[in-house]
Each structure stands twice: as C-alpha cells, then as structure tokens.
Amino acid sequence: MQETNIRVIPSAHAIVGIAARGVPLLWTSGWDSTFQLLRLLLKHRLPVTPYYLEDPTRASTATERRSIQRITDALHERYPETRALLRPLQVFRVAELARDPEVGEALREVRSRVYIGSQYEWLALFCRQHGLDGIELSVHVDDKVQALLADKVESFETGGGYRSHRLGPGHAGSAEHTLFHHFGFPLFRIDKRQMQREAGEAGWDPIMDMTWFCHRPLNGKPCGACAPCVYTIEEGLAWRVPRSRRMLSFFYRKLALPLKPPLRAALASVRRR
C-alpha cells in the first residue's frame, strides 16, 4: 500500500503554525488515539495534525505505520471530508531526541512510586525539543498515568469547543509536571468500554477494528503478553486478542506479571548503590 499522507520531519525542524495546521494529536493507530481522531474529525469537524514518534527497536513499529495508512485510506473513502481535515502525519524519530537530565530524573522519580513506560520520557523530550504545548495525549480511565494524575488535572474548554484536561499550574516543579504539563488529555474521564459504545453508536466500528495495540506481534496477530495486550484484556476489550493468546495471557498475568514490581524495585535499589 503506498503511503501518500505521511511526511517525515527531522528532529531539528522547527514546528511553526500549529494552530493553522489543526489540533495536534499523538496518534499511534491504537484504540484510544484513533477514537480521539474520529471524534475530532467526524464529531467536531476539526482539522487534525497527527504526530507519530517512530521507535525502530520496537517490533510493532512497521505494523503501526501500516495501520495508520489503512485507517487514513478508509477515512478518505468512507468520509471524503476528512481528505481536507486530516493533515499529513508528522513522523519524528525517537533516536534523534536529545536527552535532558531533568526529564530523565522526573521519570525515575515517578517510577519509584508507580511504573510507567519509557515513552513518557520520549514524549516530554519531544515536546521540549520542539516547543510543543497542548498536544493531545489519549490518557484514559484505567490507565496508570490517569491514576497518577487524577488529583492533579483541571478541566478546560478547548478552542475547538470540547472539554479536555491538563495538569494544574499548582504542580509546577513536581516530577509529574515535568513529564506531563505539555499535554491535553481529552479522554481523561472515560474508559475503553465507553469509547466502544460511543464508536458503535456513531457507526465507527469498521475504523476502530483497524486499530493496533500489541508491541510484540506474532505472525501479524497480538501476542497477548505485552503490556498493551494485558491492558486491552483487563480494560474490557479481550475480544481483540486471539482466543489462544488470551489463554497464554491468563497464565502470564497470574504467574509472571506479579513478579515484575519486586524485580523492578530490586533493580532500582541496586542502581542506587
């Protein structure tokens, strides 16, 4: 499939005219960010500029890029108005992000209390490096980051006429503020099941079925054991993982997953010595 709606930008490129380009949205082809994309394009009729951070070390990168293109093509075919509203995908490479000691320390501080993925360091570095503020991140109910920030966000009305959330200014100086103050959280008060209901009512199921989430696909299908697969099952969308992999996931979640927190704590203790 030819990719016709993607533009790769080197990390040194200055981002200008964000407002003129539409609502900035981090889009991975996953369930949550695709749902927000559909909301913006089809419900609010707003132009959107999607951003993607490419990590070639992750096994799912090529699958995510193909899924993004499939969804883009399907949107253009089913909803021709999105040809004008959906701007070219802006692709940035994780390997080109300059490290920042303050951001790295903020991730370590948060991880001393709750484990969150390394992508939140990348995202904060990306926003700092390119002067981005207000880019939408699809954090939702049942997400670890949602629980981490639940008592630290405030609701606000966006320029597009819908409600979102952001980190309150009173938390400046905290590790959470360092990592997350750049973002808007439009899905902060809803969960995957609510997204599924809203998508079904709007007729978006064929598009949502094209979304991707697994970090370590096996033969082109979700593995059932990576973090996104586990979260997908636990958050009520187990049907998205093949039945045989769900059985594997059950034993993984019951036997192996409980061992991870004490192992991480032990490793962190060794590193501090």
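1. In this predicted model, in which local features need pLDDT of at least 70, side-chain atom pairs count only at pLDDT 80 or more, and totals for chains, interfaces and linings use all residues, helix 2 passes helix 9 in a left-handed crossing, a term that applies if the near helix is turned anticlockwise from the far one by less than a right angle. Residues are numbered from 1 along each chain as its sequence is written, and side-chain values use heavy atoms, with hydrogens and water left out. Helices and strands are DSSP runs numbered from the N terminus (H or I, at least four residues, for helices; E, at least two, for strands).

2. On the side of helix 2, the residues that meet helix 9 are Trp31, Asp32, Phe35, Arg39 and Lys43, and their counterparts in helix 9 are Lys192, Met195, Gln196, Glu198 and Ala199, where contact means heavy atoms within 4.5 Å. By class, this contact has four nonpolar, one polar and five charged residues (Ala, Val, Leu, Ile, Met, Phe, Trp, Tyr, Cys and Pro count as nonpolar, Asp, Glu, Lys and Arg as charged, and the others, Gly among them, as polar).

3. Glu198, a residue of helix 9, deserves a separate remark. Glu198 counts as buried because its relative accessible area is 17%, given that buried means under 20%, exposed over 50% and partly exposed in between, with a 1.4 Å probe and protein chains only. Leaving aside neighbours within four places in sequence, Glu198 is in contact with Phe35, Arg39 and Lys43.

4. Strand 6 (residues 153-157) and strand 7 (residues 163-167) run antiparallel and are joined by five bridges, strands being paired if DSSP finds at least two bridges between them. Glu157 stands opposite Arg163 in strand 7, and Ser155 stands opposite His165 in that strand. The hairpin has five residues between the strands, and Gly161 in this hairpin takes a positive phi near 90 degrees.

5. Positive phi values also occur in residues other than glycine, and two of them may be set side by side: Ser29, with phi near 80 degrees, and Asn219, with phi near 55 degrees. Ser29 lies in the loop between strand 2 (23-26) and helix 2, and it counts as buried because its relative accessible area is 0%. Asn219, in the loop between helix 10 (205-208) and helix 11 (227-234), counts as exposed because its relative accessible area is 77%.

6. As to the cysteines, the structure holds zero disulfides, a disulfide being a pair of cysteine sulfur atoms within 2.5 Å. Cys223 is in no disulfide, and the nearest cysteine sulfur, that of Cys214, is 3.6 Å away. Cys223 counts as buried because its relative accessibility is 4%, and Cys127 counts as buried because its relative accessibility is 1%.

7. For the chain as a whole, the secondary structure comes to 13 helices and eight strands, and buried residues make up 51% of the 273 residues. Of the contacts in the chain with a separation of 6 or more, 70% are accounted for by residues 24 or more positions apart.
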